[in-house]
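Hi everyone, thanks for making time today. I'd like to walk you through a structure that may be new to you, so let's bring it up on the screen.

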Amino acid sequence: METPIIEVIGLEKAFGDHMVLKGISMTVYPKEVVVVIGPSGSGKSTLLRCLNRLNEPTNGKILFQGYDIMSPDIDINVVRSQMNMVFQNFNLFMHLSVKKNVTLALTSVKKITQEEADRIADETLLKVGLTEKADAYPGQLSGGQQQRVAIARALAMDPKVILFDEPTSALDPELIGEVLDVMKKLAESGMTMVVVTHEMGFAREMADRVIFMDEGVIAESGPPEEIFTNPKNERTRIFLKRILKEIEDMDPLKPKYETPELAPEAEGVKAAEEGYKWSQEHKEPDEQKRWLGFKFLKRDKKK
Amino acid sequence: MNLDWSVIGENFNYLMAGAELTIIISILSIFLGFVGGIFIGMCRISKNPLIYYPSTAYVEAFRGTPLLIQIFLVYLGLSSFNIQLSAWDAGILALSLNSAAYQSEIFRGGIQSIPKGQMEAARSMGLTYNQSMFKVIIPQALRNALPPYTNEFCTMIKDSSLVSAISVMELTWSAKNVISVTFQPFVVYIFIAFLYFLMTFVTTRFMRYLEKRYAIPGMMGAE
């Protein structure tokens, strides 16, 4: 077997008296995409932030390519330059242009010349599809674009692994797709990734392994097919049921038919058209829109 | 009413020499206060109690006592310890020490206005604490701190008049001299008040220019 990129042994983390991580052991192999899921407060983000020591672990061992990163002989900055992180809130450097955001660590950590760094920045910005935004500032970009820049910033360092800390949680729903697309492309290109996310679709599609965390321990871990279709742990089952229902509930236009074959896709559109026609005939113009919504709600409630 | 405006013209060069010294004193003490303020401000955000507590005591002491007393202490008080500074040196030192206390708070406020995520992002990419501070945090902190710095700079220009009490020959001292021979306090004081106003006005315009020049595109305050 290959040497793992990250090996975590008995990791514990306490904030004061509160134990957040209670003995986590896990391994990440090269080119693997490991997705960490679990209810909020289960310690997913803390686990991720312990991996690069943004949070100092209380106990346990973390090996990065075989080296104990807790050891005093290890320069944590060198480890971090090879284990980049993408944050929930992007955390782009607001006072620097997109390109400078990407090149800052290249020139100041890797000591690459500015010209070479610029070249690398152009390349990575092309990969995330933001070449034309190179001279813009983060404050001028949408959330999705900012997160793509953050991914480019991590990618430019040519890291061994990228840690994603809920990369889509702060995004408007319509901007999530562009970020997930970039992440999928990354995964397909063979990047090793540890992803904390609530995007079950991404987990299902891209994960080599899904880790389900609950109350500071790894409750279950395995390939996505197994976790999603046949979870062994009761808590995993409850969590998945809840979160999948939430996702469905978030889509207001999706009728919740129990038997899909009885629900032709056009039904919603048909209903809308009928309702609109009816309202045209019977209602005052300013009430037409309200009526349309009402009709939809009623249909949904009935089911 | 007996206002004789001609005394301004007659003593113009004399007053301008005073104004020149006021400008030099202000610039020097603002600059020294700025550098000292950054140093003390960095101490104030330190987690080491041996650094944090002395710097906090410094700020409290200079903020909590009258500047005039501080000037007297530096000029006259230090002579009890056989340290004899010239009025000029003592004046600038007292103003700088005082301004450093205020400017350190402005600087600290600027640093703490930057979201924690900026430091985390910089550190997570392998930048050292100092690199993150100087390349990421401080450039943003100084931008945010420009408006309160403007206030402090104007305060410094006006407070520099206090060193006239230890006979530094700046604008206010010169004015007093002119009054003692012309007996025209209103005319002379209104004239130097106008000169002080000119100095602070140029300062505020300059700072406003800096704010615009270094505004971050896409952020609040940018055009």
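Before I start counting, one term: by a salt bridge I mean a side-chain nitrogen of Lys or Arg within 4 Å of a carboxyl oxygen of Asp or Glu. And please keep in mind that what you see is a predicted model.

With that rule in hand, how many salt bridges turn up across the interface of chain B and chain A? The rule finds one. Its partners are E120(B) and R49(A), and their closest N and O atoms are 2.7 Å apart.

Now, where on chain B does the side touching chain A come from? Two helices, α6 (116-124) and α7 (129-159), each supply at least two residues of that side. The largest share is from α6(B), with seven residues. Sorted by class, the side of chain B that touches chain A holds nine nonpolar, eight polar and four charged residues.

Let's look at the whole contact. Chain B puts in 21 residues and chain A puts in 25. Together the two chains bury about 2,000 Å², and 61% of that is on carbon and sulfur atoms. There are also six residue pairs in polar contact between chain B and chain A, with both residues at pLDDT 80 or more.

Next, chain B by itself. What is its secondary structure made of? Chain B has nine helices and zero strands. Its C-alpha trace spans about 70 × 50 × 25 Å along the principal axes. Of the 223 residues in chain B, 45% are buried. The accessible surface of chain B is about 11,600 Å², with 68% belonging to carbon and sulfur atoms. And if you take contacts in chain B between residues at least 6 apart in sequence, 74% of them join residues at least 24 apart.

Let me finish by zooming in on one residue, S174(B). You'll find S174(B) in helix α8, which covers residues 171-182 of chain B. Is S174(B) buried or exposed? S174(B) counts as buried because its relative accessibility is 2%, and the cut-off for buried is under 20%.

What surrounds S174(B)? A polar atom of the S174(B) side chain lies 2.8 Å from the backbone oxygen of E170(B). Setting aside neighbours within four places in sequence, S174(B) is in contact with Y14(B), L15(B), G18(B) and M169(B).

That's my tour, and I'm happy to take questions.

Methods: Residues numbered from 1 in each chain as written. Chains lettered and ligands numbered in written order. Heavy atoms only, no water. Contact = heavy atoms within 4.5 Å. Buried area = accessible area lost by both parts, 1.4 Å probe. Polar contact = N/O pair within 3.5 Å; in protein donor to acceptor, adjacent residues only side chain to side chain. Helix = DSSP H or I, 4+ residues; strand = E, 2+ residues; numbered from the N terminus. Nonpolar A, V, L, I, M, F, W, Y, C, P; charged D, E, K, R; others polar. Buried < 20%, exposed > 50% of the residue type's maximum accessible area, 1.4 Å probe, protein only. Areas by Shrake-Rupley, 256 points an atom, 1.4 Å probe, with all protein chains shown as cover.
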